[in-house]
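Thanks for coming. I will take a few minutes to walk through one structure, which you can see on the screen.

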Amino acid sequence: MYGGDEVSAIVIDLGSHTCKAGYAGEDAPKAVFPSAVGSVDEMEVDNPDNPEDNSGSAPDLKSKGKRKLYVGSQALGFRRDHMEVISPIRDGTVVDWDIVENIWDHAFRECLLIDPKEHPMLLAEPCSNTQQQREKAAEIMFEKYQVPALFLAKNAVLTSFASGRATSLVVDSGGGLTTVAPVHDGYVLQKAVCTSPIGGGILTDCLIKSLEQKGITIKPRYSFKRKEIRPGEFQTVDLDFPDTTESYKLYCQRAIASDIKECVSRAPDTPYDDSSYSNIPTTSYELPDGQTIEVGADRFKIPDILFNPSLVQTIPGMESFAETAASLRGLPQMVIDSINKCDVDIRRELFSSILLAGGTSSMQQLKERLEKDLLEESPQAARVKVLASGNATERRFSVWIGGSILASLGSFQQMWFSKSEYEEHGASYVQRKCP
Amino acid sequence: MANAASGMAVHDDCKLKFLELKAKRIYRFIIFKIDAQQVVVEKLGNPEESYEDFTNALPADECRYAVFDFDFVTNENCQKSKIFFIAWSPDTSKVRMKMVYASSKDRFKREIDGIQVELQATDPSEMSLDIIKSRAL
């Protein structure tokens, strides 16, 4: 048992797109920064095999020499020659622990300014986390950071509890993944969990491609200089940095496109089709380089991908994903499939407490559309209710907020997996303490 | 043990009063609250009180656990009763309170043995008399 002195715990929710970190007991995470990091290969001179062939994916550590990692929005905001942008997480699981350690370091030492030795850590983990992943996390936390106590809490359970429900169906749509997970009395029903790679990331990429097709190229912020030549009049001068990597360029374009997406798009009330949306009024958006673009049908088409993944096939440039998309199910179908895999006795309760969480769930009209589609497809007797916090921060950070409250409860202090227990029983004891 | 359980303790009185409701039937309902890191009995309803009295006894914007002994007549005209467990977690209550009650529920339910129907309610419509009746049958 961890003795719970007056030191506050640290809560970290490392998602596929953003890392949320902060002190337990607070309303929102103190630090929110990208999970992707910049990597510059320091053996570059001796080892000229080009950085292109591994752009966008985590490079194999062993074949590469030393690399220098840049973590955090600021370090990433600065363009560097040959800097690749890589992510430690693929399909919801950690594939590169070295990067994760760097992200944790950044959170502790640069954002929160704490010594991890002094604070218990609560980590939010995806439902699909394997035993090895959990033990690895425990090992690093206790061995490297010497934390006094640790707890691994499941994303879906935290979201469910934070909404006051021990039983619910959690629809968590984040950056890299959408997960539908039934929670019953605080247990995640693993067999009924459904996931899909369609999250905010895919939607952003589709938007970039769709705009490109219309002749609009998003210029990354580093690639031009904008000067005020006369009051109110600007001049844009293109700059050329031939050593910028493709992955960095894409990272910068995604940042802009994701803002366009958040500003203008909304889920259509009925399934999208080209003909009925061809005359839809457009919305304008001013890009950082000063050009104003008009977004029309894409405002509705992009969000509808969540409901109808096969729409991806109609977007030129997304061919690589189109094949996968054909086999994916839309959000309402995932909900129904997941519920049907659960015991008959709890189905009606799940239908009446469907919780929306995650960054992508803040999309306008998403909740209304999901509820409408489910009403049409669910069994007659079921009473469908989709719930989402009206507060955008609460919706986006529901997992973190749940963890923050839990870790700050007086009664919870006896539940931690403590350092002495780790030393006595080893990393595998995490399965016992944090089931 | 459920994942992310709060570790909240349960006062012995909760068990005792529940046994009295179940075996001696001297209460219509019991309302429990979490106070000073344990679950305690807040209110007791005598057998004459109705379901409406019970719902009125629940605070509108705070979470509670409650047990209600529901008498009804089956389609075969048979007098029966069932014990309901209700997790009352109104949408208007504070996030912290919702979290505390939801994460302590599993443990608390294990302490009181003999619940026949369980429901969670976040607004009064989710625990209306009609719903109680349909769940009892």
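**Domains and their contacts**

I start with a domain contact: four residues of domain 2 of chain A are in contact with four residues of domain 4 of chain A, where contact means that the C-beta atoms of two residues, placed from the backbone, lie within 7 Å. On the domain 2 side of chain A that touches domain 4 of chain A, there are one nonpolar, one polar and two charged residues. For these classes, Ala, Val, Leu, Ile, Met, Phe, Trp, Tyr, Cys and Pro count as nonpolar, Asp, Glu, Lys and Arg as charged, and the others, Gly among them, as polar.

Before going on, some housekeeping. This is a predicted model, in which local features need pLDDT of at least 70 and side-chain atom pairs count only at pLDDT 80 or more, while totals for chains, interfaces and linings use all residues. Residues are numbered from 1 along each chain as its sequence is written, and chains are lettered from A and ligands numbered from 1 in the order in which they are written.

Where do the domains of chain A run? Domain 1 covers 1–33 + 97–157 + 393–435, domain 2 covers 37–86, domain 3 covers 164–197 + 328–388, and domain 4 covers 201–243 + 251–325 of chain A. Those bounds come from an automatic or database domain assignment.

**Chain A as a whole**

Chain A has 15 helices and 21 strands; helices (H or I, at least four residues) and strands (E, at least two) are DSSP runs, numbered from the N terminus. The C-alpha atoms of chain A fill a box of roughly 65 × 65 × 45 Å along the principal axes. For 435 residues, a compact globule would have a radius of gyration near 22 Å, and the 23 Å of chain A agrees with that. The radius is taken over C-alpha atoms, and the globule rule is 2.2 Å times the number of residues to the power 0.38.

In chain A, 46% of the 435 residues count as buried. A residue is buried if 20 or more other C-beta atoms lie within 10 Å of its own, exposed if 12 or fewer, and partly exposed in between, with C-beta atoms placed from the backbone. Of the contacts in chain A between residues at least 6 apart in sequence, 72% join residues at least 24 apart.

**A sheet of three strands**

Next, an open antiparallel sheet in chain A, with its three strands in the order β5-β4-β6. Strands β5 (67–70) and β6 (84–86) of chain A are at the edges with a single partner strand each, so one side of each has no neighbour in the sheet. From one strand to the next, the twist averages 35°. Strand β4 (residues 37–41) of chain A is joined to β5(A) by four bridges, and two strands pair if DSSP finds at least two bridges between them. One of the residues involved is Val40(A), whose bridge partner in β5(A) is Lys68(A).

Helix α2 (residues 97–111) of chain A lies across β4, β5 and β6 of chain A, at about 120° to β4(A). Axes here are lines fitted to C-alpha atoms, for helices over the stretch in contact, and angles run from 0 to 180 degrees between N-to-C directions.

**A covered strand**

How many residues of strand β11 (residues 168–173) of chain A are buried? Six of its six residues are. Ser168(A), Val170(A) and Asp172(A) are on one side, and Leu169(A), Val171(A) and Ser173(A) are on the other.

β11(A) pairs with strand β12 (residues 178–184) of chain A in the antiparallel sense over six bridges, and the two form a hairpin with four residues between them. In this pairing, Ser168(A) stands opposite Val183(A). β11(A) also runs parallel to strand β19 (residues 354–357) of chain A, joined by four bridges, and there Val171(A) stands opposite Leu356(A).

**Where chain A meets chain B**

Last, the two chains: 28 residues of chain A are in contact with 26 residues of chain B. β10 (149–154), α4 (155–162), β13 (187–188) and α13 (398–408) of chain A each give two or more residues to that side. The largest share, five residues, comes from α4(A). By class, the side of chain A that touches chain B has 16 nonpolar, nine polar and three charged residues.
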